[in-house]
Amino acid sequence: MPLSFVVGRYFVYVLLGAILTVGVPLLVFEALLDQGSVLPANYGERHLQQTIETLSTPGSFDVTGLSSAYLYAHLTASGDVLGTDMGEEDLAQARALVASLEARGTTGHSAESEERSARAAFSRGDGTWCVLSYDILPQWSDRSLRDSWPNPQDIMMGAIVVPTIALVVLVALRASRVLTRKMSPLVDAAEAVGAGEIDFAVQTSTVAQIDDVLAAMERMRRSLRDSLEEQWSAEERQRVEVAALAHDLKSPLTVIRGNAELLGEDAQAGGLSQEQAACAEAIRTASAEIDAFVAQIITTSQGREASSREAVDMEELAGRLASRARELVCARGLALDVETSALPDIRPSWDAHAVGRAVMNLVSNACDYARTRVSLGLAAANGELVITVADDGPGFSPAALAHGRERFFRDDAARGGGEGHFGLGLSIALEVAHSHGGTLELSNRVSPDGSETGAVARLTLPLKGI
């Protein structure tokens, strides 16, 4: 069915219900008027002159036949009450009207009207006055009902308004439940896609327009499934290829390590100079790190967690970082300044390999742009370890300061960019910092004359002991 039919039928329900909620009270009201239980709104006006003539008849003042449409007050010329069924407010207005007529010397009857009521005063010829008050509204013909029940017009309006409001609310609730039920296939499909499910059957509805949307969602689901399956297949091929390449690296790495160990034996036998021996040891150490990286690549390509946390000795970590930084910086023909403050006796739970990797990325980045020197600083402050790597190069460009930590960012005009830079070093350091609850900040050193004298990368890691 079309959606217009689903929605339109509830308008029909409201229309038919309104006919009942309005028509029934009106019919009942008309019946009460016809049988005389309710007097029409113009009854008091139409019968006023006849009532005045009846009450003006000389003799005793008899109100037993007075219609319930009227309230009366029998007053002396001075305003004393001889008889009344008025309330205090109406009685006060009746006295004021009589006083006004006495002051003008009028003996005939006088009437005054307000928005929904009117009153008339007339002299009875015996020195007394009668004032009649009536509402220009339907009224009960029975005096006891008039005095105890609300006006019949108010009852009729309440009998129309309350059921009509209830009808609209009930129809709205019913329409809401039905529309919600009919759109539930849309909600189910959206929630399934949001949860990452792509192998599910999109349901159908009884509403044409909703079925059109469901058909579009089915096409979207199939397209998403095909796209994800293609992506997963490509990622699997990449993982297999990376694992194979990492495995193939082991062969040349074994050759490098074997030769480094042979050179180490020659060094121990005195066949190498001190500088050559240091270089051979650096090769051996670097090859061992490469071997660890290869193992980590293979582990990651298999979908396993490569990170491991353990208690880290701060002094040992600082010494290892300084030693590795010195080997890297010296290999680039630069000088290294190391400054280490007293470190607290805390053994934080870190991935020492990942921290070393992050710091070496910062040192390598500094070496790429340094003119002559690189500095490495380690200091503890405010429950954090602050590792600072600085160089004496041109400093970071404004773009690098804003985006240099983003993966694959290379547009560092101030520092030259260049081949061999993949925009990964700073982003890797940032990921390691975040995984340990720390931060990575980039800035430039400024000389007293305001010129920039190099770049500064500050890696901060919280010292949480275990």
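Two residues are in contact when they have heavy atoms within 4.5 Å of each other. With that in mind, here are some close-up views of this predicted model.

**View 1. Arg407 and the residues around it.** Welcome to a loop: Arg407 sits between α11 (398–403) and α12 (425–435). Leaving aside its neighbours within four places in sequence, Arg407 is in contact with Gly423, Leu424, Ser427 and Glu431. Is Arg407 buried, exposed or partly exposed? Its relative accessibility is 41%, so Arg407 counts as partly exposed. For a sense of scale, Arg407 and Ser68 are 92 Å apart in space, C-alpha to C-alpha, and 339 residues apart in sequence.

**View 2. Gln139 and its contacts.** Ser68 turns up again here, as one of the residues in contact with Gln139. Gln139 belongs to strand β7 (residues 139–140). With a relative accessible area of 12%, Gln139 is buried. Once its neighbours within four places in sequence are left aside, the contacts of Gln139 also include Ser37, Val38, Leu39, Ala69, Arg146, Asn151 and Pro152.

**View 3. Thr51 in helix α3.** Look for Thr51 in the helix that covers residues 48–55. Thr51 counts as buried, at 13% relative accessibility. Which residues does Thr51 touch, not counting those up to four places away in sequence? They are Leu66, Tyr70 and Leu132.

**View 4. Helices α9 and α10 packed together.** Helix α9 (residues 314–331) packs against helix α10 (residues 352–369) at an angle of about 35 degrees, and their axes are 10 Å apart. The crossing of α9 past α10 is right-handed. On the α9 side, the contact is made by Leu317, Arg320, Leu321, Arg324, Ala325, Leu328 and Val329. From α10 come Ala352, Val355, Gly356, Val359, Met360, Val363, Ser364 and Cys367. Sorted by class, this contact has 11 nonpolar, 2 polar and 2 charged residues. An α-helix has 3.6 residues a turn, so residues three or four places apart point the same way.

**View 5. A closer look at α9 and its ends.** Asp313 caps the N-terminal end of α9, with a side-chain oxygen 3.2 Å from the backbone nitrogen of Glu315. How far apart are the end C-alpha atoms of α9? They are 26 Å apart, which agrees with the 26 Å that its 18 residues should span at 1.5 Å a residue. The buried residues of α9 are Met314, Leu317, Ala318, Leu321, Ala322, Arg324, Ala325 and Val329. Just after the helix, Gly333 takes a positive phi of about 75 degrees.

**View 6. Helix α10 within the structure.** From its first C-alpha to its last, α10 reaches 26 Å, close to the 26 Å expected for its 18 residues at 1.5 Å a residue. Of those 18 residues, 13 are buried, so α10 is largely enclosed by the rest of the structure.

**View 7. Asn382 in its loop.** Between β11 (373–381) and β12 (384–391) lies a loop that holds Asn382. Asn382 is not a glycine, although its phi is positive, at about 55 degrees. Asn382 is exposed, with a relative accessible area of 78%.

**View 8. Asp291 in helix α8.** The last stop is Asp291, found in the helix formed by residues 274–301. Asp291 counts as partly exposed, at 23% relative accessibility. Asp291 and Asp337 are 28 Å apart in space, C-alpha to C-alpha, and 46 residues apart in sequence.

Terms used:
Residues numbered from 1 in each chain as written. Predicted model: local features only at pLDDT ≥ 70, side-chain atom pairs only at ≥ 80, totals over all residues. Heavy atoms only, no water. Axes fitted to C-alpha atoms, helices over the stretch in contact; angles between N-to-C directions. Helix = DSSP H or I, 4+ residues; strand = E, 2+ residues; numbered from the N terminus. Left-handed = near helix turned anticlockwise from the far one by under 90°. Nonpolar A, V, L, I, M, F, W, Y, C, P; charged D, E, K, R; others polar. Expected span 1.5 Å × (residues − 1). Buried < 20%, exposed > 50% of the residue type's maximum accessible area, 1.4 Å probe, protein only. Polar contact = N/O pair within 3.5 Å; in protein donor to acceptor, adjacent residues only side chain to side chain.
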